[in-house]
Amino acid sequence: MNTYSSYKDSGIEWIGEIPSGWRIEKLKYIGNLYGGLTGKSGKDFNNEDNPYNKPFIPFTNIFNNVYISSNHFQYVNIKPDERQNRVIKNDLFFLMSSEGYEDLGKSSILISEIDELYLNSFCKGYRVNTDDVNPLFVNYQLLGNTHRKLISIEGKGFTRINLRQDKLKNTYMFIPPLQEQQQIVDYLDKKTSKIDKLIEKTEQKIELLKEQRTSLINTTVTKGLDPNVEMKDSGVEWIGDIPSGWGVKPLKYVAEYNLSSLGNNTDPEYKLNYLEISDVDSLGNIKKPTKYTFSKSPSRCRRIVQKDDIIISTVRTYLKSIGFIKNEVKDLICSTGFCVITPNKTIIIPSILFYMVRMESFISTVISSSVGVSYPSINSDKLVGVKILIPPLQEQQQIVDYLDLETSKIDKLVNIESKRINLLKEYRQSLISEVVTGKVDIRSEVLV
């Protein structure tokens, strides 16, 4: 790609030079921020029978899209005399709170005409009020690496990271001539759509691999490795027939649970490694624990975890946060949102129990037994009452060896495709940043 023929000093140290025909403005001088819904309670949302239902943009719509999707609105009760900020075409929206810095301040823009539309209360809306600034260009600039990093470092918080609106309003924007802004938007629309299609295809491939992995586990831990083995009725409808030499027992008969926890009298300076529910993904992968001293740790940091334990999330069970502690980790503590399962190794091998509790049928039973709509949960006593299969010990080891080998092959393929997605996303971010900050000149590019 070409660079601009001449550059000038922006007057801002960290920005450096910008193309000669461009200028720098703070976000607050080219538009206005406004708030989302106010004064609403849970009963006002998603009530299908309410005659005053109006669509609003949920935060997930902003998080997942460059352009707001009209297929992903939710509904809220708005009475005719209410004073709420309405959303209009070309408004931008920001995530003002996030669990991590990388998502903080993420923006999206509405490009559709909607008669009456509102914004959720956790985000901010932004309306460009300057004739020589294209809102679509502003949105792309805010999505580039330069501005994503600039905004994220302004976040403050502990369990959630929050962005102050004065920090957002003082964000510097690069402003080229209006015609050039549209050229950049057109160029990036074309280029990013190609990248997005590649990402989508790769994600579909990963989903197929995950389905293959799940099917392999489900079949093997319910039917065994011998296709000709004699079968019998398990006596449990969702399990069906099982090999004749296998047994069926509630989980609590093969394992103990929540054996030990930290008490309030724990040394305040005790150093620990903490696992939160979000640290365990739907495939059972576990992130590196966060280091704390007891006095600075979250109040839910209590359950003691040892090697060969299995941790099963009892809240938001649909997330399938189930992990296996394969290796010894000193002073490992997890959230009280987990049920810590300690297998009885004379009855069941920890590895096969992990495969058992990751079966779709087991997870579905846990989910259906959970209580609550937005935050479904199950208590540990009920969780360990769910039945599992118990093959003979020798056969358990054979199954574990087979599944470890076969799932590792699939996991390697998933890892390769996941890295490909990350590289595509990094390239996408880098491309946007280079174009919207004037590092490259795309005006001579031919758009088909």
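**View 1. Asp331 occupies the loop between S22 and strand S23 (332-335).** The model shown is predicted, so local features need a pLDDT of at least 70 and side-chain atom pairs count only at pLDDT 80 or more, whereas totals for chains, interfaces and linings use all residues. Residues are numbered from 1 along each chain as its sequence is written, and side-chain values use heavy atoms, with hydrogens and water left out. Helices (H or I, at least four residues) and strands (E, at least two) are DSSP runs, numbered from the N terminus. Phi of Asp331 is near 55°, a positive value in a residue other than glycine. Most residues other than glycine have a negative phi. Asp331 is partly exposed, with a relative accessible area of 27%; buried means under 20%, exposed over 50%, and partly exposed in between (1.4 Å probe, protein chains only). Arg316, in the loop between strand S21 (310-313) and S22, likewise has a positive phi, near 45°. Its relative accessibility of 26% makes Arg316 partly exposed.

**View 2. The rings of Phe324 and Phe354 form a stacked pair.** Rings of Phe, Tyr and Trp (its six-membered ring) pair if their centres lie within 6.5 Å; planes under 30 degrees apart count as stacked, over 60 as edge-to-face and the rest as tilted. In this pair the centres are 5.5 Å apart and the planes stand at 20°. Phe324 belongs to strand S22 (residues 322-324) and Phe354 to helix H6 (residues 350-357), so the contact ties together parts that are 30 residues apart in sequence. Both Phe324 and Phe354 are buried.

**View 3. Tyr4, Tyr7 and Trp22 make up one aromatic cluster.** Seven aromatic pairs are found in the whole structure. One of them joins Tyr4 and Trp22, whose ring centres are 5.7 Å apart with planes at 80°, so this pair is edge-to-face. It links distant parts of the chain, 18 residues apart: Tyr4 in the segment before strand S1 (7-9), and Trp22 in the loop between strand S2 (17-19) and strand S3 (23-26). Tyr4 is buried, at 8% relative accessible area, and Trp22 is buried at 2%.

**View 4. Strands S4, S11, S7 and S9 form an open sheet in the order S4-S11-S7-S9, with antiparallel pairing.** Two strands pair if DSSP finds at least two bridges between them. S4 (31-35) and S9 (107-109) stand at the edges with a single partner strand each, so one side of each has no neighbour in the sheet. From one strand to the next, the twist averages 25°. Five bridges join S4 to the antiparallel strand S11 (residues 123-128), and Gly31 has Val128 as its bridge partner in S11. Helix H2 (residues 135-143) lies across S7 (92-95), S9 and S11, at about 160° to S9. Axes are lines fitted to C-alpha atoms, for helices over the stretch in contact (heavy atoms within 4.5 Å), and angles run from 0 to 180 degrees between N-to-C directions.

**View 5. Phe362 is among the residues with the most contacts inside the largest nonpolar core.** A nonpolar core is a set of buried Ala, Val, Leu, Ile, Met, Phe, Trp, Tyr and Cys residues joined through side-chain atoms within 4.5 Å. This core has 85 residues, and those with the most contacts also include Val138, Leu188, Ile310, Ile341 and Leu353. Not counting residues up to four places away in sequence, Phe362 touches Trp238, Leu251, Met356, Val357, Leu383, Val386, Lys387 and Ile388. A second, separate core of 12 residues includes Ile62, Phe73, Phe93 and Cys123.
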